[in-house]
Amino acid sequence: MVAGGADSLRTGSLIEGSPAVLISAGEASGDHHAARMMEAAGRLAGEGGPIRFFGLGGDAMAAAGLEPVAHSDEVAVVGIFEVLRELPRIRRVFRRLLRAVEERRPELAVLVDFPDFNLRLARRLRRRGVPVLYYVSPQVWAWRRRRVAAIARLVKRMLVLFPFEVEVYRGLELKVEHVGHPLVDEVPEFASVWEQEADLPDRPTVALLPGSRNSEVRRILPPMLRAAAALASDGRDSRDDGSEANSPHVRLILAPTVDASLVERLVAASPLARQDLEIVRSGRFAALAGSHLALCASGTATLEVGLLGTPMVVVYRVSPLTALVGRWLVDLPFISLVNLVLGRRVVPELLQGEAGAARMAATARDLLSERSRIDRMRADLAELRPALGASGASERAARSLLRELGAARESKEGGRP
């Protein structure tokens with residue numbers, strides 16, 4: 001969605017004399033992190049005046065004051081070949097952003113993750129003399145390491161979430177700052193349901209987290225629901241009288257970006273009885289802390305689950321062609337951020353063909369049948385919070401933004417005749 005036409009881009013609700021900053025985040029996690037940084041920048045700017053943020057973002061950034069040129073839902077697609085199908089629409093969004101840059105002439109650009117789109121945007125911004133602050137490093141340590149030198153040429157300062165990312169850019173003429181991960185502040189320390197139970201539960205609660213993009217949900221949720229149905233069937237068959245000993249309570253935890261009608265269709269087509277399913281759209285952290293196990297799509301959500309100490313099985317599925325290309329390009333021992341941050345296999349990972357209903361159900365059964373395995377995993381997950389860095393990541397990112405904005409204004413004023 002574009003906010004108004006060309007005239008609104010030139011005037012809108014802009015405040016005379018305040019700095020304009022282009023900001024671009026193309027997916028749910030980037031939208032969330034960018035919104036927290038925008039809010040912190042507004043608080044820290046104080047009497048210095050408001051910052052006019054405009055660009056590409058989602059609902060969280062809009063709530064934080066973004067004047068949207070386009071909504072991140074228009075470009076949020078997973079997979080190499082999936083992107084090709086949506087390329088015309090993505091190019092239209094790209095051109096709208098460039099028009100907005102010409103009209104508003106920002107003093108700084110903040111690009112958040114989403115590298116295939118944002119690095120192309122950075123190249124165009126460099127030609128226009130707009131300095132770039134990049135927040136949330138592209139995962140060049142996973143693939144396309146040759147991009148590192150190109151990033152250094154396009155970006156003035158890189159803000160990274162993980163300490164090991166600093167080493168990736170060492171030796172290049174690029175300012176790199178480890179600000180820590182915002183989830184350390186955003187995910188509270190709830191008491192886990194496991195702390196309240198001395199033994200394995202009679203009726204475990206299993207949480208399903210199928211991803212934040214509709215394209216992910218279409219691919220991942222159906223086998224998750226079939227796995228949950230298989231676990232429920234185990235419980236119902238465990239007694240001669242048909243009672244549900246050990247039949248799990250299933251929680252479907254949905255990101256706000258997921259289309260409700262899509263979920264309704266997928267649930268209706270699944271073998272899981274509707275009465276066995278609780279759909280959670282708010283209070284996700286409490287719901288996760290109150291779950292015995294999570295089946296979680298790979299991504300930022302794995303960090304949320306891990307910070308809450310909830311045992312999990314990480315799953316992921318992309319198109320067969322994307323998976324084939326990915327095997328050539330990706331050189332990592334793990335796909336889940338939890339295992340990558342901790343540097344070892346703490347949680348099981350099921351990818352592509354392994355991420356089918358039968359394998360998910362079997363892996364969940366194994367975990368839920370042995371309390372010692374649960375306790376070991378929870379002890380390992382307790383290391384995650386300190387490994388992600390100190391509190392205050394969004395504020396540190398905002399301070400860097402203000403420093404770069406100040407430097408850009410000084411440079412601009414110094415260049416005046």
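Buried means under 20% relative accessible area. The model in these exercises is predicted.

**Exercise 1. Strand 1**

Task: Determine which residues of strand 1 point one way, which point the other way, and whether they are buried or exposed.

Solution: 
- Step 1. Locate the element. Strand 1 covers residues 20-25.
- Step 2. Sort the side chains. A20, L22 and S24 point one way. V21, I23 and A25 point the other way.
- Step 3. Check burial. Residues on both sides of strand 1 are all buried.
- Step 4. Conclude. Six of the six residues are buried, so strand 1 is largely enclosed by the rest of the structure.

**Exercise 2. Aromatic pairs**

Task: State how many aromatic pairs the structure holds. Then classify F94 with F117, and F162 with F164.

Solution: 
- Step 1. Count. The structure holds three aromatic pairs.
- Step 2. Take F94 and F117. Their centres are 5.4 Å apart, with 80 degrees between the planes. Planes over 60 degrees apart count as edge-to-face, and this pair is edge-to-face.
- Step 3. F94 lies in helix 5 (residues 87-104) and F117 in helix 6 (residues 115-127). They are 23 residues apart, and the pair links distant parts of the chain.
- Step 4. Check burial. F94 has a relative accessible area of 15%, so it is buried. F117 has 5%, so it is buried too.
- Step 5. Take F162 and F164. This pair is stacked, at 5.6 Å centre to centre and 5 degrees between the planes.
- Step 6. Check burial again. F162 is at 6% relative accessibility, so it counts as buried. F164 is at 32%, so it counts as partly exposed.
- Step 7. Look for a cluster. F94, F114 and F117 form one aromatic cluster.

**Exercise 3. Helix 13**

Task: Explain why helix 13 is described as largely enclosed, and find which residue just after it takes a positive phi.

Solution: 
- Step 1. List the buried residues. They are A301, T302, L303, E304, V305, G306 and L307.
- Step 2. Compare with the helix, residues 300-307. Seven of its eight residues are buried, so helix 13 is largely enclosed by the rest of the structure.
- Step 3. Step past the end. Just after helix 13, G309 takes a positive phi of about 75 degrees.

Definitions and conventions:
Residues are numbered from 1 along each chain as its sequence is written. This is a predicted model: local features need pLDDT of at least 70, side-chain atom pairs count only at pLDDT 80 or more; totals for chains, interfaces and linings use all residues. Side-chain values use heavy atoms; hydrogens and water are left out. Buried means under 20% relative accessible area, exposed over 50%, partly exposed in between (1.4 Å probe, protein chains only). Helices (H or I, at least four residues) and strands (E, at least two) are DSSP runs, numbered from the N terminus. Rings of Phe, Tyr and Trp (its six-membered ring) pair if their centres lie within 6.5 Å; planes under 30 degrees apart count as stacked, over 60 as edge-to-face and the rest as tilted.
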